[in-house]
Amino acid sequence: GPYMLDAFVSYNRFKPWFRISMGQFKKPFGLELSTGCQDLYTINRSKVVEELTAPDRDLGVMLSGTSGAKKFFGLEKENILSWYLSFTNGTGKNVFDGDLKKDVVGRLVIAPYDWISIGGSYLFGKQKNPDVTVKTMDERMRYGADIQLKKYNFILQAEYIFGQDKGSKLMGGGCGSTPELVVGDFKSNGYFAQLMYNTPWKIMPVVKYETYDPDMDLEDDIHSAYRNSTMTFGLNYYPNDWTRVQLNYMYKTETSSSTDLVNYNEIPNDMLQIQIQVKLN
């Protein structure tokens, strides 16, 4: 059935430098998570983003602001600096908090020119362990860095995320899906890089590479949590301002042992996807 994604109120008296929002919203972590599903250049978000930013939405308070039109070092561009700081329950969307601990998420974006922006994000939080007999709180830590370049009709985006979980971790998630809780201690990391080009014919070709290791402490070729890598080849077609057609072919590879067939992890999971979006204003 239907469910609520975003519902919050904001106080903008001191904008653009300061804004406070209360309610349920998307966590201000990273470049791709901050991009709405309707504005992604590929149909799906990167696996590293879906895994290490889950839950993507939460209940709490967010402080944010930008530098506005103020000049820095002779630069006349607006919003050279943007900052975000949130305090949330850590339990995900439409779920009330079960303890007094909060997730703290911070993000800073520097955009000295129109064609470049550089961002950094950090998250730390504690939650109750799913095993009621365990009294020690689980810990979740994330940090990431991202960059976006727009020049000569080219768009380049890249992002790296590292995660450390003590006690349990969330796997999966994303646009509307529910993450799965897995017990254990984990170190995970991954990144993506994608290149797009705006042609004169309202067609945008997309090439994206992403890789994600869900458990850095174990060898990839001897366990089930092997590194996943995906190459995405896509086309975005914009017939008008409110319609978009996306075509993606995803070639997926899993790290494997080349000599031991027992540990051969290659899975026939390549995908061909098509999506049509219509925006109603």
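Let me start with a term: buried means under 20% relative accessible area, exposed means over 50%, and partly exposed is what falls in between, with a 1.4 Å probe and protein chains only. By that scale Tyr209 is partly exposed, at 32% relative accessibility.

Hello everyone, and a quick word on what we are looking at. This is a predicted model, where local features need pLDDT of at least 70 and side-chain atom pairs count only at pLDDT 80 or more, while totals for chains, interfaces and linings use all residues. Residues are numbered from 1 along each chain as its sequence is written, and side-chain values use heavy atoms, with hydrogens and water left out.

Let's stay with Tyr209. Tyr209 sits in strand β12, residues 203-213; helices here (H or I, at least four residues) and strands (E, at least two) are DSSP runs, numbered from the N terminus. Which residues does Tyr209 touch, leaving aside neighbours within four places in sequence? Counting a contact as heavy atoms within 4.5 Å, the partners are Tyr191, Phe192, Ala193, Ser229, Thr230 and Met231. With Ser229 there is also a side-chain polar contact of 3.4 Å. For that term we want a pair of N or O atoms within 3.5 Å; within protein, one must be able to donate a hydrogen and the other to accept it, and residues adjacent in sequence count only if both atoms are side-chain atoms. Thr232 is 23 residues from Tyr209 in sequence, and their C-alpha atoms are 6.4 Å apart.

Now to one of those partners, Thr230. Thr230 belongs to strand β13, residues 228-240, and is buried because its relative accessible area is 8%. Beyond four places in sequence, Thr230 contacts Lys208, Tyr209 and Glu210, and also Met250, Tyr251 and Lys252.

Lys208 takes us to the salt bridges. The model has nine of them, each a side-chain nitrogen of Lys or Arg within 4 Å of a carboxyl oxygen of Asp or Glu. Lys208 pairs with Glu32, with the closest N and O atoms 3.0 Å apart. That pair links distant parts of the chain: Lys208 is in strand β12 and Glu32 in helix α1 (residues 31-34), 176 residues apart. Lys208 is buried at 1% relative accessibility, and Glu32 is buried at 5%.

Next, Asp39 and Lys279 form a salt bridge at 3.3 Å, N to O. Asp39 lies in the loop between α1 and α2 (47-52) and Lys279 in the segment after β15 (271-278), so the pair ties together parts that are 240 residues apart in sequence. Asp39 is partly exposed at 36%, and Lys279 is partly exposed at 38%.

One more: Arg57 and Asp56 meet at 3.5 Å, N to O, and both are buried. Asp6 joins Asp56 and Arg57 in a network of salt bridges.

A cavity here is a set of points on a 1 Å grid over the protein atoms alone where a 1.4 Å probe fits but cannot get out, and lining residues have an atom within 4 Å of a point.

Glu32 and Asp39 come back here: the lining of the largest cavity includes both, along with Thr35, Leu40, Tyr41, Thr42, Gln157, Phe192 and Gln194. That lining divides into three nonpolar, four polar and two charged residues, where Ala, Val, Leu, Ile, Met, Phe, Trp, Tyr, Cys and Pro count as nonpolar, Asp, Glu, Lys and Arg as charged, and the others, Gly among them, as polar.

Conventions: 1 Å grid on protein atoms, 1.4 Å probe; cavity = no way out; pocket = protein on both sides within 12 Å on 5 of 7 lines; lining within 4 Å.
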